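Hi everyone, thanks for coming. Let me put the model up on the screen and walk you through a few parts of it.

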Amino acid sequence: MEGRHRERREEGDEETIREQERERGEQRDGSPKPKSGTKMEEEDEGKETVLMKASSRDQARSQLINGHTPISASSSLTSFPFISSPHQGRGGEDEEEVRVAILTVEDESCPSEPFGTTQFEPTKDDIGHAESGGEGKEDGEMEGEEEVAEEENEEVEEAANAEEREEEGELASPEAHLQLKMKRKLDHGPDGRPFPSGKKHCKGNGYLSPSSLVQATPTTFGDLRLANGHSAQRRRVTSGPPPSGLQDWLHTFQMWSGPERLLALDELIDRCETSQVKHMMQVIEPQFQRDFISLLPKELALYVLTFLAPRDLLQAAQTCRYWRILAEDNLLWREKCREEGISECASSRRRRPSAAVSEWKSTYIRQHRIETNWRKGDTREPMVLKGHDDHVITCLQFSGDLIVSGSDDNTLKVWSAITGKCLRTLTGHTGGVWCSQMAATTVISGSTDRTLRVWDAESGECVHTLYGHTSTVRCMHLNGNRVVSGSRDTTLRVWDVSTGRCEHVLTGHLAAVRCVQYDGRRVVSGGYDYMVKVWDPETEVCLHTLQGHTNRVYSLQFDGVFVVSGSLDTSIKVWDAETGGCVHTLTGHQSLTSGMELRDNILVSGNADSTVRVWDIRTGQCLHTLQGPNKHQSAVTCLQFCRGLVLSSSDDGTVKLWDLRTGAWLRDVVALQSRGSGGVVWRIRASDTRLVCAAGSRNGTEETKLLVLDFDLDEKNKETD
């Protein structure tokens, strides 16, 4: 290619000489006045100057200029603005035009300006030469410069024609195809986009003097590794000695321009195997990774970390020391606890975590461990508390580390949830205990002896005996310092626990009162007369009588807005407490609804048909029916909500754990040895960390006992140590 270009330029120079010879002949024929001998010698010198400059331009394309290789096949000529244009002199004669041609050098060394153009900056010597010697330039030299520009245009047209020939299939040889790809790289840059008009891809920065070109230090991958604190000697492949000619190959690569290197790398990658490309990635990728967390201000870094899940935070803490400091931030873990509904930090009675560990983080980890123990369980056997002989445990309460069980043997027993020992037995009732309530260490019990008793669980003393009912006290509900009791005598009574005085009597039911709820403002009661009543205890007025059930009402729930009643007629009704209207009738159960639990708008109901159902009381829809292969085999006796879980006990001798959100069975928490043959779990009570079950049998196959399961044993063991 360069040979053909050189031949064209030599032909152009010869044509210029022949044209000038014809002009001399025309002068000799008498047209213009012939020039003097001195003038002729100057013209001959001008011709030689044109030829020498054309030859020097060819050499400039093939040689390095102070270590730089021009990126384009031809150099662009520009004129400086401080050189004046031709104008008319005072005498009317044209003054000679003075122009200076400047060679543009494309530099590939500096990555700061990918599309800049590095030019020669004229020195004082260059400017002085232009001012003093510019007048000596002849028209022949200017014509030579125009020919060079024409040759550049021809090269561009030839490249375009070559591309067209390639599209038509004319460039069939690999060498021609590779040469064309090289040309495209030179003209369009590494990403294939054309350069701005009049510019080639150049990474240079600033203007260089033609007398002293200074090459900027290239930023190589080795420099990048050193900047990142890594050794310049990276991991080598131990496959033997280096191949012969490796240094020559590397030297050749260094001699190429930027686009030429990119083209060579493209071809090299296409010829690599997968394992070789993987090796390159392992070497290159770590150098472009940045620890952005350490570069951010602490406040922003903590904000970013709030988007991580707790498990990811624990893994991030293992990255480095600074990440561990951020991942241990107390406010960060408080936010994570808030997202999980954990509102209290670790209990003050527990061992205080070390200063390096966030208290809220310790709280979160503890709660996560407890949740895992609930869902997956362990091999530990439950703690067994034996008492009440072979009598039935009719009611069960626990608060803190104290458990209180009531039985039809006329007594209540106080147990330690930690040691399992019976601390004291509460005696005084003359009939079986059928219901109880507990707050802190205060216990209230109702009996078939028609009385209520107020006990101090720590001392075992009976503080008050509440007289007034004329039949069995069947139900009660404690709120604050007041307790409301319902009796088979069809009345309800409101008592002051601290004084033992009866404050109000609510009358209106036509049969025994079976269930009661009290929120501190309103009393709701359900009875064997099929009715539900809403009361104002202060005025002793029945505000609403909710009629609709066709059989006895056995269970109630009240959240201040909605009243939910379960009946022997198999239905569950949702009522508006303010208007008394029936909002929804929930159908699906086949028998008596013996127990219910209400949280927000989610209702869980247990039925004698052996199923448990989950409802949305605002829409009236049944979300889940907890049944299937692992369902209960007999009537459900009791229900509890706990940590997004549902616990259900049954006459089949088991306690089952269900996922409230999905309705899936998780596991059997308790399974009596006599299950299926008379063993019964009568009552269950649960807190965040414990489950207490009252179990026995009706035929003597299982002795009466309490089973205590603690899901926070790891923390307990630490405290014991």
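Predicted model: local features only at pLDDT ≥ 70, side-chain atom pairs only at ≥ 80, totals over all residues.

Residues are numbered from 1 along each chain as its sequence is written, and side-chain values use heavy atoms, with hydrogens and water left out.

Let's begin with an open, antiparallel sheet of 4 strands, ordered β28-β29-β30-β31. Strands here are DSSP E runs of at least two residues, helices are H or I runs of at least four, and both are numbered from the N terminus. Two strands pair if DSSP finds at least two bridges between them. The edges belong to β28 (636-642) and β31 (665-671); each has a single partner strand, so one side of each is left without a neighbour in the sheet. On average, neighbouring strands are turned by 20° against each other, direction ignored. Between β28 and β29 (residues 645-650) there are 6 bridges, and Cys 642 sits opposite Leu 645 in β29.

What packs on this sheet? Helix α15 (residues 359-376) does, touching β28, β29, β30 (654-659) and β31; contact means heavy atoms within 4.5 Å. The direction of α15 makes about 80° with that of β31, with axes fitted to C-alpha atoms, for helices over the stretch in contact, and angles running from 0 to 180 degrees between N-to-C directions.

That brings us to the largest nonpolar core, which has 20 residues; Trp 374, Leu 647, Val 655, Val 669 and Leu 691 have the most contacts inside it. Such a core is a set of buried Ala, Val, Leu, Ile, Met, Phe, Trp, Tyr and Cys residues joined through side-chain atoms within 4.5 Å. Buried means under 20% relative accessible area, exposed over 50%, and partly exposed in between, with a 1.4 Å probe and protein chains only. Among the residues that Leu 647 touches are Trp 374, Val 655, Val 669 and Leu 691.

On to the other sheet: β12-β13-β14-β15, also 4 strands, open and antiparallel. Its twist averages 25° from one strand to the next. In β14, Asp 496 is the bridge partner of Arg 482.

Finally, the cysteines. The structure holds 0 disulfides, counting pairs of cysteine sulfur atoms within 2.5 Å. For Cys 395, the nearest cysteine sulfur, that of Cys 435, is 6.8 Å away. Cys 395 is buried at 5% relative accessible area, whereas Cys 502 is partly exposed at 25%.

Methods: Lists of a residue's contacts leave out its neighbours within four places in sequence.
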